[in-house]
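Colleague: I've got the sequence and the fold open on my screen. Can you walk me through a bit of it?

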Amino acid sequence: MIANVRIMKILTLFLYTQFYFSISNCFPNQNDDTKDFRSKRAIEALNQLKLENLPKKLDWRDYGAVTAIKNQKNCGACWAFSTVETMESMKKIKLDDQLQELSVQQVIDCARGENNGCEGGDTCTVLEWMDKTRFNLTSENDYPLTDVQATCKAVESATRLQLEKNFTCNSYVGDEEAMIKLLADHGPLVAAVDATTWQDYLGGIIQYHCGGITNHAVQIVGYDLTGKKYQIFRLPVGEIPFYIVRNSWGSGFGLDGYLHIEIGKNLCEIATRVSTLSVH
Ligand SMILES: *[C@@H]1O[C@H](CO)[C@@H](O)[C@H](O)[C@H]1NC(C)=O
Ligand SMILES: *[C@@H]1O[C@H](CO)[C@@H](O)[C@H](O)[C@H]1NC(C)=O
């Protein structure tokens, strides 16, 4: 019996370690200067923000601007997934073009600078690289996902999207209402996050114990400020505003591939390193 427990513990530790390494590889550029800085803004303060001109709830999925959940598997290229997902959304939103899957694999294979394919990369430097090289992003069909890094291929394709020069990469720690405004006025965002505890996420709104490092990257596709009563063990614990966050660990993760993270506390480092972008 004791031996069994010990084996279970070792096995759990082993699985956790495997998992941890697959995500921690994903985003090696730590922002040490912002690491210990926490938003002091409480939920009450958030409720007093001048957001009355904005919708109380916004989900870009409702506007047909978000493609199906992707799966990075053992490839630590969250930086490429979150960026390409947002390029897909912005093609639909800004160009009023059809929603189309674009090639994450092309970015994994081709992007240079501080980006190392499945070994990790950075959501800000990939935008700089796309801008500097005038990179043409092609479609998923023409350059399909394999989740394994290979040599960069030149493809003939009707789909050629370039990044607009005015992309941004900022910290909104302590100023998350700016993120709400960007989500409403501009579109989905790319965000670096701390996903260390996410393997335990089954649903609900993450409100505690998440943050400290950035080891993953995601797309934020919306928010909900309507303050739904949220319950733990059937006890209402308040009205929690949250971000609607899209992950790239398949649709079996969390809420059909998504998770909800409380707004206003830089939880999971969600406000630490955030990008907006447009395409043409
Ligand atoms: C991207 O495509 C344009 C044509 O639309 C071409 O002129 C340009 O050279 C391409 N950029 C790269 C880096 O291949
Ligand atoms: C950048 O430029 C595009 C095209 O002019 C515009 O639609 C977009 O709102 C601008 N801002 C950002 C943050 O992309």
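This is a predicted model: local features need pLDDT of at least 70, side-chain atom pairs count only at pLDDT 80 or more; totals for chains, interfaces and linings use all residues.

Colleague: Which residue stands opposite Val 193 in β5?

Modeller: Val 193 belongs to the pairing between β3 and β5, which is antiparallel. Facing Val 193 across that pairing, in β5, is His 216.

Colleague: Which residue of β8 does Ile 220 stand opposite?

Modeller: β5 also runs antiparallel to β8 (residues 242-246), with five bridges joining them. Look across from Ile 220 into β8 and you find Val 245.

Colleague: And β1, how many bridges join that one to β5?

Modeller: β1 covers residues 57-59 and runs antiparallel to β5. One of the pairs puts Leu 58 with Tyr 223 of β5. The number of bridges joining β1 and β5 is three.

Colleague: How many of the nine residues in β5 are buried?

Modeller: Buried here takes 20 or more other C-beta atoms within 10 Å of a residue's own. By that cut-off β5 is mostly covered, and the count of buried residues is eight.

Colleague: Which strands do the buried residues of α5 pack against?

Modeller: Helix α5 spans residues 123-133, and its buried residues include Val 126, Leu 127 and Trp 129. Those buried residues pack against helices α3 and α4. As for strands, they pack against β2, β3, β5 and β10.

Colleague: What follows α5?

Modeller: It's a residue with a positive phi, near 50 degrees. That residue is Arg 134.

Definitions and conventions
Residues are numbered from 1 along each chain as its sequence is written. Chains are lettered from A and ligands numbered from 1 in the order in which they are written. A residue is buried if 20 or more other C-beta atoms lie within 10 Å of its own, exposed if 12 or fewer, and partly exposed in between; C-beta atoms are placed from the backbone. Helices (H or I, at least four residues) and strands (E, at least two) are DSSP runs, numbered from the N terminus. Two residues are in contact if their C-beta atoms, placed from the backbone, lie within 7 Å. Two strands pair if DSSP finds at least two bridges between them.
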